[in-house]
Amino acid sequence: MDTKKIQCYHCRQRLSIKTNEAKVKCPGCKLLLECSSSPSSYQQQKGFMQICPRGNFGCNIMKKIRNDEISPNKRSLNTKPFSLSSSSSRPSRRAVLCGVSYNKGKFRLKGTINDVRNMRDLLINSFKFQEEGIIVLTEEEKDEMYSPTKKNIQKALEWLVNDCRKGDSLVFYFSGHGLRQPDFNNDETDGFDETICPVDFLKEGMIIDNDINSIIVKPLKEGVTLHAIVDACHSGTILDLEYVYNKYQMTWEDNRPPSGARKATDGGLAICLSACQDNQLASDTSAFTGNTMNGVMTYVLAEIVNKHPGLSYGDLLDLIYERIEEVKKNDCLVNTNFLRRFFKDKLSQKPTLSSSGRFEVYKKHFIL
C-alpha cells in the first residue's frame, strides 16, 4: 500500500504513514495527529510544512465565541488612510496592522480581527497615533487593496518605511498563523526560517523572515524606530534581528547569521515583541472577555500598557510573563484537559524580545 510522510507539528518528528490513514499517534510526543491536515505535495513545493494549531485553542470547545465573519455592515478600520503609493505629508507615527482570519479555508482563526482592533485602539489612545496614519489589512475590508494578501502586506510594509526620516516611529503588527521552514542559506542559528502566512499563502506562499528583514529593517535610517509586534506561532525571531533578550539570564544573546549575511539597519533601531519563541506555539482564548476570542499576547500587552503607561521593556516583559502564568494557573486559557493533552501541563508560550541593537531593558521605556 502507498505511504506518505508527515511531520508532527509539536515535536517535529517525521512519520511514514499509509495514505488512507485518517489519524495516527506520534511515537515521539504521543499526540493524535489528523493526517488529512498534512500538507499536500503542492504546499510542500511552496515551502509549507505544517499549519500551527493556534486556531484550535478553544475554537471548537469553548461556548459563546464570537464569530468574526466578514460583514458588509462593519465599518472600515481605514479612516481616510494615506495612499500606499505616496510618501508626502505622512505623519511621523505610522503603522501597518494585519489580522488574518483565513475565513475561506480550514485554517480559520477567530480572534485576529479583535486583535487588530485592540492594537489600533492602543496606538490611537495611548500613543497618539492619527487614524490617517494607520493602515489596516483584514478580510473585513471591502476594498481589495486592504485584504491581507501577500502582495498587499509587502506593499504596505514598503509604504511604512519608504522615505523614513529621523524622529519617525513605525509599527508593524501581525496576528495570524506563523510557520517554520528549513533554512538553506545558513543565515539562521537554529536552521529554520520563520514565516508569517498571508490569507493567500497556500497559493502565493508565505512571507519569510529574510524578506521581512529586507523590507522593513534594513532601510531604517538613523533616528528612526520600528516596533514589530507579532502574535503568531514560531515568531521569536521573525524579523531576523541581531540580538535576542534572554529574560532569565538578563542578557542579550547574539543572533547574527552564521553566514555573515547583513541583517542590520541603516542606523535606525528595530525592536520586536513576539508571542513566543521560534520553536513554540502561540495561543488565543475567550477567557479575557468571556465571549470573544483574542490572541493571548496581544490582549495582555494592551491590558498592561493601558494600566501601566511608561513602563520599561523589562518591566513589560516581566508583567506579560506573570499575566500569562496567572491565566494558566487559573485554568482560564481554554479547556484544561485540551491543553494538558498537548503541553503536559505547560503552556508553551514565552514572549520574546529581540532588537537590532542592545539596550538597557529596565531603563529604556516602552514608547511606540
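Trainee: Is Y102 buried or exposed, and what is its relative accessible area?

Mentor: Start with the cut-offs. Buried means under 20% relative accessible area, exposed over 50%, and partly exposed in between, with a 1.4 Å probe and protein chains only. Y102 has 3%, so Y102 is buried. Before we go on, some ground rules. This is a predicted model, where local features need pLDDT of at least 70, side-chain atom pairs count only at pLDDT 80 or more, and totals for chains, interfaces and linings use all residues. Residues are numbered from 1 along each chain as its sequence is written, and side-chain values use heavy atoms, with hydrogens and water left out.

Trainee: Where does Y102 sit, and what is its phi?

Mentor: First, the elements. Helices (H or I, at least four residues) and strands (E, at least two) are DSSP runs, numbered from the N terminus. Y102 is in the loop between strand 5 and helix 2. Its phi is positive, about 55°, although Y102 is not a glycine. K128 also has a positive phi, about 60°, and is not a glycine. K128 belongs to the loop between helix 2 and strand 6. At a relative accessible area of 62%, K128 is exposed.

Trainee: How many helices and strands does the protein have?

Mentor: Eight helices and 17 strands. Of the 368 residues, 57% are buried.

Trainee: What share of the contacts joins residues at least 24 apart?

Mentor: A contact means heavy atoms within 4.5 Å. Take the contacts between residues at least 6 apart in sequence: 71% join residues at least 24 apart. L368 gives a case. L368 lies in the segment after strand 17 (352-355). L368 and F127 are 241 residues apart in sequence, yet their C-alpha atoms are 6.2 Å apart. Leaving out residues up to four places away in sequence, L368 touches R93, L123, F127, F129, S169, V171, H227 and I229. L368 counts as buried because its relative accessibility is 2%.

Trainee: Which residues have the most contacts inside the largest nonpolar core?

Mentor: A nonpolar core is a set of buried Ala, Val, Leu, Ile, Met, Phe, Trp, Tyr and Cys residues, joined through side-chain atoms within 4.5 Å. The largest one here has 47 residues, and L97, L301, L316, L353 and F366 have the most contacts inside it. Elements that each supply at least two residues of this core include strand 5 (93-99), helix 2 (112-127), helix 6 (296-307) and helix 7 (313-329). Apart from this core lies another, of 40 residues, among them I135, L137, F172 and A270.

Trainee: At what angle do helix 6 and helix 7 pack?

Mentor: Axes are lines fitted to C-alpha atoms, for helices over the stretch in contact, and angles run from 0 to 180 degrees between N-to-C directions. Helix 6 and helix 7 pack at about 120°, with axes 10 Å apart. Angles under 35 degrees count as roughly parallel, over 145 as roughly antiparallel, 65 to 115 as roughly perpendicular, and the rest as oblique. Helix 6 and helix 7 are therefore oblique to each other. Helix 6 contributes V296, V300, L301, E303, I304 and V305 to the contact, and helix 7 contributes L316, L319, I320, R323 and I324.

Trainee: Which residues of helix 5 are buried?

Mentor: D209, N210, I212, N213, I215, I216 and V217. That makes seven of the nine residues in helix 5 (residues 209-217), which is mostly covered. These buried residues pack against elements including helix 3 (150-161), strand 9 (192-196) and strand 11 (225-231).
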